[in-house]
There are 2 protein chains.
Amino acid sequence: MPLDFAAIRAAQERIRPYIHRTPVLTSRRLDSASGAVLFFKCENFQKTGSFKARGATNAVFLLEDTIAQRGVATHSSGNHGAAVARAAKLRGIPAHIVMPSNSSKAKARAVESYGGRVVFCEPTQASRESTCATVIAKTGATLIHPFENEQVIAGQGTAALELLEDVADLDVVLCPIGGGGLISGTAVTSKTLRPEIIVAGVEPENADDAAQSFRAGKLIRVDKPNTIADGLRANIGAPTFAVVQRYVNDIVTVSEEAIVSAMRTIWQTMKIVIEPSAAVSYAVIMQGKLEVQGKRIGIIFSGGNIDLDALPWTT
Amino acid sequence: MPLDFAAIRAAQERIRPYIHRTPVLTSRRLDSASGAVLFFKCENFQKTGSFKARGATNAVFLLEDTIAQRGVATHSSGNHGAAVARAAKLRGIPAHIVMPSNSSKAKARAVESYGGRVVFCEPTQASRESTCATVIAKTGATLIHPFENEQVIAGQGTAALELLEDVADLDVVLCPIGGGGLISGTAVTSKTLRPEIIVAGVEPENADDAAQSFRAGKLIRVDKPNTIADGLRANIGAPTFAVVQRYVNDIVTVSEEAIVSAMRTIWQTMKIVIEPSAAVSYAVIMQGKLEVQGKRIGIIFSGGNIDLDALPWTT
């Protein structure tokens with residue numbers, strides 16, 4: 001097992017000065033619509049706009065001084081890159097963020113605004129990894145992998161830890177799956193604190209590698225997933241899949257249309273901005289894909305970073 | 001004077017069971033950008049999506065039983081209509097909401113979702129008033145005017161009351177001006193609790209009737225104001241103007257472009273949905289139209305109701 005609950009507790013103490021304890025919001029209107037009692041953990045309000053600040057901060061602050069001084073590196077087109085850049089800035093060390101050349105300017109600017117050095121590569125997984133390896137070879141920086149890193153996963157688990165501290169008697173917790181860092185941390189936390197809880201992963205149908213893997217009992221890749229939920233395009237990793245197999249009760253998928261509709265409903269009803277990846281959990285409920293009647297459901301809104309110029313219902 | 005602070009205190013007790021005590025949010029990023037310390041009172045999270053729920057609830061619950069039974073009526077193309085409909089539903093009495101025939105379907109549906117009866121009229125002020133008068137003559141309903149009503153104004157003043165209870169030592173409070181209900185309640189509350197506070201009204205340049213009136217010392221109308229801030233198109237009323245003259249320190253105006261830019265910045269940075277009328281205060285700060293360096297500024301985000309299909313930066 002790649003992590004235990006003690007690591008998550010320790011992460012909570014370590015990162016406390018650097019992150020927000022985000023609010024848990026409720027909506028009577030969405031409760032009525034769903035027949036459930038919903039608790040939304042708002043990581044869209046987190047530093048850097050997503051839960052990724054948790055894991056990156058934990059991993060960066062755990063580095064020994066002599067190693068930390070050489071900097072950190074990662075490859076990311078999105079939220080993890082900004083989170084690593086910010087964590088490195090807080091620690092006072094350099095961060096090299098490898099981004100595909102087709103990344104939006106807004107995302108590159110976000111990384112730079114936290115003091116990160118952006119290194120562009122070709123938009124392929126191979127180029128990302130080789131470019132990142134080259135940066136590391138040159139600089140001596142330490143790789144902070146977005147999900148194949150125990151300390152990153154431990155940090156991500158603190159979102160669910162706060163949720164369960166703030167809300168008693170949850171029956172179900174819903175969490176999106178990309179590389180599997182968030183769900184791994186969420187599952188270990190939830191099952192440790194409340195063994196009877198149901199932990200359900202959610203995925204876009206168009207990026208259902210974890211759901212397929214879960215049913216097959218072995219890792220199955222989905223190449224070039226075509227989903228608006230840009231945070232969930234990564235394939236689940238072997239270590240995180242092992243946690244999912246052990247702790248997660250089910251994985252449910254939804255269509256692209258359902259994701260957009262759920263995102264719009266959340267914006268309209270709750271007056272908050274969430275990104276498509278964060279909307280997948282509520283899409284599962286809207287589509288009636290999970291039995292939720294009368295249940296107390298925790299939902300982790302994973303982030304709020306979205307290009308306001310390219311909203312799916314206006315393009 | 002149309003109201004005193006005791007009426008606002010009483011309103012707070014009266015409406016407490018029916019409204020949200022909305023959160024006051026902060027943003028380190030916007031503090032850095034402005035050089036001030038900003039406190040955002042989030043009435044976009046209020047019931048019905050705007051502060052209007054406060055005043056309407058106070059006025060509707062103050063009616064004597066025999067009068068209340070005959071119902072309430074108002075004319076509104078927006079937030080006040082939904083607020084009156086909801087207050088009437090809570091009280092168990094009918095509500096007749098006169099809306100111009102060119103109102104969006106979404107707004108009419110919002111009123112109906114709270115149980116209000118929608119009565120369409122021609123989209124002119126004369127038709128609104130005559131249609132509303134006819135409804136009242138037929139039904140015996142009581143008019144709940146959106147701002148020329150002391151008890152509505154008293155209810156609106158409870159937003160600032162909560163803000164000043166939650167945040168100590170504010171130097172300035174900023175508040176948008178439409179018909180003047182919100183600023184009247186805000187000014188009386190703020191100057192009573194903290195006489196040295198600066199109360200500044202904000203308006204779109206394209207709907208600057210209150211600013212013009214303030215400078216001229218007499219009511220000046222702006223007909224057919226062409227502003228995206230749909231909540232601020234009404235001309236200020238005589239009773240609310242009297243309060244503004246007595247208590248408000250200044251009225252500052254901003255362009256349409258500035259309003260859109262401020263709204264977008266708030267969505268992007270704070271991950272919350274506010275409507276154009278709510279963005280005018282921050283537009284004033286972004287444009288450097290007010291001296292805010294080092295000051296503690298309270299900003300009332302008046303509402304969050306906006307048509308997501310017609311965002312100003314995508315059309």
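Student: Which residue of chain B comes closest to the rotation axis?

Tutor: This is a predicted model, in which local features need pLDDT of at least 70 and side-chain atom pairs count only at pLDDT 80 or more, while totals for chains, interfaces and linings use all residues. Residues are numbered from 1 along each chain as its sequence is written, and chains are lettered from A and ligands numbered from 1 in the order in which they are written. Copies are superposed by least squares on the C-alpha atoms of residues with pLDDT of at least 70 in both. Judged by its C-alpha, the residue of chain B that comes closest to the axis, at 2.1 Å, is Ile272(B).

Student: What kind of axis relates the two copies?

Tutor: Two copies of a chain are related by a rotation about an axis and a shift along it. Here chain B is superposed on chain A by a rotation of 180 degrees with 0.0 Å of shift along the axis, at an RMSD of 0.0 Å. The copies are therefore related as by a two-fold rotation axis.

Student: How many residues does chain B give to the contact with chain A?

Tutor: Two residues are in contact if their C-beta atoms, placed from the backbone, lie within 7 Å. Chain A contributes 15 residues to the contact, and the number from chain B is 15.

Student: How do the residues on the side of chain B that touches chain A divide into nonpolar, polar and charged?

Tutor: Ala, Val, Leu, Ile, Met, Phe, Trp, Tyr, Cys and Pro count as nonpolar, Asp, Glu, Lys and Arg as charged, and the others, Gly among them, as polar. On this side of chain B the division is seven nonpolar, five polar and three charged.

Student: Which residue in strand 10 of chain A is the bridge partner of Phe39(A)?

Tutor: Strand 2 and strand 10 of chain A run parallel and are joined by six bridges. Strand 7 (residues 172–176) also runs parallel to strand 10, with three bridges, and there Val173(A) has Gly298(A) as its bridge partner. For Phe39(A), the partner in strand 10 is likewise Gly298(A).

Student: Is strand 10 of chain A largely enclosed or largely open?

Tutor: A residue is buried if 20 or more other C-beta atoms lie within 10 Å of its own, exposed if 12 or fewer, and partly exposed in between, with C-beta atoms placed from the backbone. In strand 10 (residues 296–301) of chain A, five of the six residues are buried, so the rest of the structure leaves this strand largely enclosed.

Student: What is the phi of Thr48(A)?

Tutor: Most residues other than glycine have a negative phi. Thr48(A) is in the loop between strand 2 (37–42) and helix 3 (52–62) of chain A, and counts as buried because 27 C-beta neighbours lie inside 10 Å. Although Thr48(A) is not a glycine, its phi is positive, at about 65 degrees.

How values were computed
Helix = DSSP H or I, 4+ residues; strand = E, 2+ residues; numbered from the N terminus. Pairing = 2+ DSSP bridges.
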